Amino acid sequence: MTSSTIALRLRSPTALRRHPLVERYAPILTMVLAVVAIWYLAAVAMNWSLVRDGFEREETPYTITDVLSGTMDAERPLLPAPHQIAYAFFDSVFGYPPFAPRSLVYHALVTLSATLLGFLLGALFGIVLALLIVHSAVLERSLLPWIICSQMVPVLALAPIFIVVLGALGLHGLLPKSIISAYLCFFPIAIGMVKGFTSPDPLQLELMRTWSATPRQVLWKLRWPASVPYLFASLKVAVTISLIGAIVAELPTGAEAGIGARLLSGSYYGQTIQLWSALVAAAVLSSGLIGLIGLVERAVARRMGAH
Amino acid sequence: MPKPSLPTPTAPAATDRAEPAASSAPPLNSPLPQISSDAAQKTSARRLVVDAQNISLTFETADGRVEALSNVSLQVAEGEFVSFIGPSGCGKTTMLRVIADLQQPSSGTLLVNGMSAEEARLARSYGYVFQAPALFPWRTIEKNLKLPLEIMGYSEIEQQQRVERYLSMVNLTGFERKFPWQLSGGMQQRVSIARALSFDPALLLMDEPFGALDEIVRDHLNAQLLQLWKSTGKTVLFVTHSIPEAVFLSTKIVVMSPRPGRIIDIIECDFPVDRSPDVRETPEFLKVAQRVRNGLRAGHSYDE
């Protein structure tokens with residue numbers, strides 16, 4: 001980037017509006033500012049009676065300004081103000097050594113490891129299922145209803161069952177969490193890849209037939225490359241879901257570590273600020289994962305001649 | 001998989017069927033094709049690449065039975081350039097697909113290169129060019145040409161040599177590393193022709209390969225195709241809508257008519273092999289074109 005783009009050397013308001021940096025970031029910035037403003041208003045409204053009741057219980061005289069400032073830094077607010085969440089987030093990320101039990105980095109890493117393993121297992125399972133479905137009409141009829149049924153059971157109800165059963169089999173810690181995460185995230189991948197594997201043009205399939213290509217050659221040279229856009233689209237959906245799966249799996253286990261554990265203890269003790277900063281950590285984690293997949297997608301697309 | 005049509009012992013030999021008494025100008029509208037006597041002699045002298053007898057193909061649709069092909073018999077000798085012409089629904093594309101074993105006939109016998117259509121396909125006897133280029137968008141031009149070669153197990157060196165040879169044959173040297181979207185429609189279609197030629201099949205099946213291109217590009221490609229046919233000596237089966245295209249390119253024109261799809265005339269067309277585009281102005285050319293037009297009109301007369 002050149003210095004002139006940063007310096008925003010401008011002559012007229014139109015030029016400002018057309019500046020590439022402004023064009024790109026102004027809409028996002030506007031939205032963020034609007035959300036923050038609404039949030040502050042909501043924090044004032046929601047914490048108002050809480051703070052006022054506190055003053056009245058202690059029988060101290062108070063002014064409206066006192067209550068107003070009280071809503072901004074309550075210890076256990078109904079809705080923490082954005083700056084409180086930001087402070088708690090940065091404090092728990094940078095304020096402790098990364099593997100201290102109070103460090104959010106540590107908890108995020110615990111959840112991340114279960115997420116990644118679950119994502120890997122789910123992606124493999126989803127792709128294998130899609131392959132089976134595409135290559136056999138019988139399997140399509142017999143598997144598809146089960147796949148859809150599997151997603152109709154709420155995972156919050158299933159997770160404890162999984163944990164108990166897998167625990168009885170001697171599996172503890174990372175693996176049960178990953179399996180729950182995989183159970184959730186295989187679904188979009190299976191559905192997306194069935195679509196992807198059947199996406200080649202009929203002419204391309206007929207060409208393969210005129211060359212008497214084997215089914216394996218049709219898969220590797222046509223169906224697989226044709227399904228790549230579908231793969232990345234479903235991977236992006238799946239990685240978010242697999243993070244949710246890992247967090248949900250941490251709730252019923254009473255896990256000591258992980259974003260789920262932070263959420264649980266935060267809600268037990270009314271630590272709303274801790275709760276929100278754990279949520280922010282989850283959001284950062286999932287946008288990071290999606291961003292990473294987006295980068296890989298772009299690199300692959302460039303090699304495959306995208307324009 | 002449907003059973004391939006195998007020749008039956010009772011099927012008459014190719015030469016028996018073309019009657020010597022047949023007139024050199026077969027009557028229009030005759031349900032069975034008739035091949036002129038000199039054509040029959042030419043045909044019997046050379047090896048038959050396609051020998052189709054009484055091919056019929058019907059399929060059920062929501063509106064009832066459709067006779068896509070009805071009793072079609074056709075013989076194509078090695079090195080011929082045969083055009084199929086006729087209005088939509090006359091079965092010309094279906095006939096090509098049957099020869100390519102992309103569709104199976106309901107009845108009749110069919111030999112391609114002396115084998116059943118399925119055996120011929122499995123032996124990779126033909127190259128097929130569709131109306132759309134159907135290139136693989138994620139492969140460069142070079143890689144697109146290599147695709148059939150990879151599938152057929154050619155060595156790396158052989159693949160590279162063939163890419164060079166066939167790209168230069170369609171005048172596209174220098175485009176190896178481009179992706180299909182970087183080429184015009186006409187260039188893409190030339191790539192698809194080079195791809196069909198790349199494994200050197202003796203038979204080339206072309207289904208309206210230039211149908212989606214404009215007139216100027218089409219004329220240009222026709223001249224190139226003629227050149228290519230002359231230099232390679234391949235047998236070409238060519239489906240088209242265009243009378244001038246058919247007359248300009250062919251040694252034999254098969255005029256077809258719809259409902260049911262059938263052959264109504266087979267016209268021999270013996271312009272010199274190295275014909276120039278100027279041949280289109282000659283009286284002989286116009287005479288053949290007129291006969292094709294008459295055939296098409298006759299085929300149409302009773303549904304309007």
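**Entry 1: two helices of chain A**

I began with helix H6 (residues 104–135) and helix H7 (residues 137–150) of chain A, whose axes come within 8 Å and cross at roughly 140 degrees. Axes here are lines fitted to C-alpha atoms, for helices over the stretch in contact, and angles run from 0 to 180 degrees between N-to-C directions. Helices (H or I, at least four residues) and strands (E, at least two) are DSSP runs, numbered from the N terminus. I noted the crossing of H6(A) and H7(A) as left-handed, that is, the near helix is turned anticlockwise from the far one by less than a right angle.

From H6(A), the contact uses A:Leu129, A:Leu132 and A:Ile133; from H7(A), it uses A:Leu139, A:Glu140, A:Leu143, A:Leu144 and A:Ile147. Contact means that the C-beta atoms of two residues, placed from the backbone, lie within 7 Å. I sorted these residues into seven nonpolar, no polar and one charged. Nonpolar covers Ala, Val, Leu, Ile, Met, Phe, Trp, Tyr, Cys and Pro, charged covers Asp, Glu, Lys and Arg, and the others, Gly among them, are polar.

**Entry 2: what kind of model**

The model is predicted: local features need pLDDT of at least 70, side-chain atom pairs count only at pLDDT 80 or more, and totals for chains, interfaces and linings use all residues. Residues are numbered from 1 along each chain as its sequence is written, and chains are lettered from A and ligands numbered from 1 in the order in which they are written.

**Entry 3: chain B, the six-stranded sheet**

In chain B I found 10 helices and nine strands. Six of the strands form an open sheet with mixed pairing, in the order E5-E6-E7-E3-E8-E9. Two strands pair if DSSP finds at least two bridges between them. At the edges I found strand E5 (126–129) and strand E9 (262–268) of chain B, each pairing on one side only. On average, neighbouring strands of this sheet are turned by 15 degrees against each other, direction ignored.

E5(B) and E6(B) run parallel and are joined by four bridges; B:Tyr128 has B:Leu205 as its bridge partner in E6(B). B:Tyr126 and B:Tyr128 point one way from E5(B), B:Gly127 and B:Val129 the other way, and all are buried. A buried residue has 20 or more other C-beta atoms within 10 Å of its own, with C-beta atoms placed from the backbone.

Further in, strand E3 (residues 81–85) and strand E7 (residues 235–240) of chain B pair in the parallel sense over five bridges, with B:Phe81 opposite B:Val236. Helix H3 (residues 92–99) of chain B lies across E3, E6, E7 and E8 and runs at about 150 degrees to E7(B).

**Entry 4: chain B, the three-stranded sheet**

I then looked up the antiparallel open sheet of chain B, in the order E2-E1-E4. Strand E2 (64–77) and strand E4 (107–112) each have a single partner strand, so one side of each is left without a neighbour in the sheet. Strand E1 (residues 48–61) pairs with E2(B) over 10 bridges, and B:Glu60 stands opposite B:Arg65.

**Entry 5: where chain B touches chain A**

I looked up 20 residues of chain B in contact with 16 residues of chain A. Helix H4 (117–122), E5 and helix H5 (141–151) of chain B each supply at least two residues of this side of chain B, and H5(B) gives the most, with three residues. The residues of this side divide into 17 nonpolar, one polar and two charged.

Note on methods:
Buried ≥ 20, exposed ≤ 12 C-beta atoms within 10 Å, placed from the backbone.
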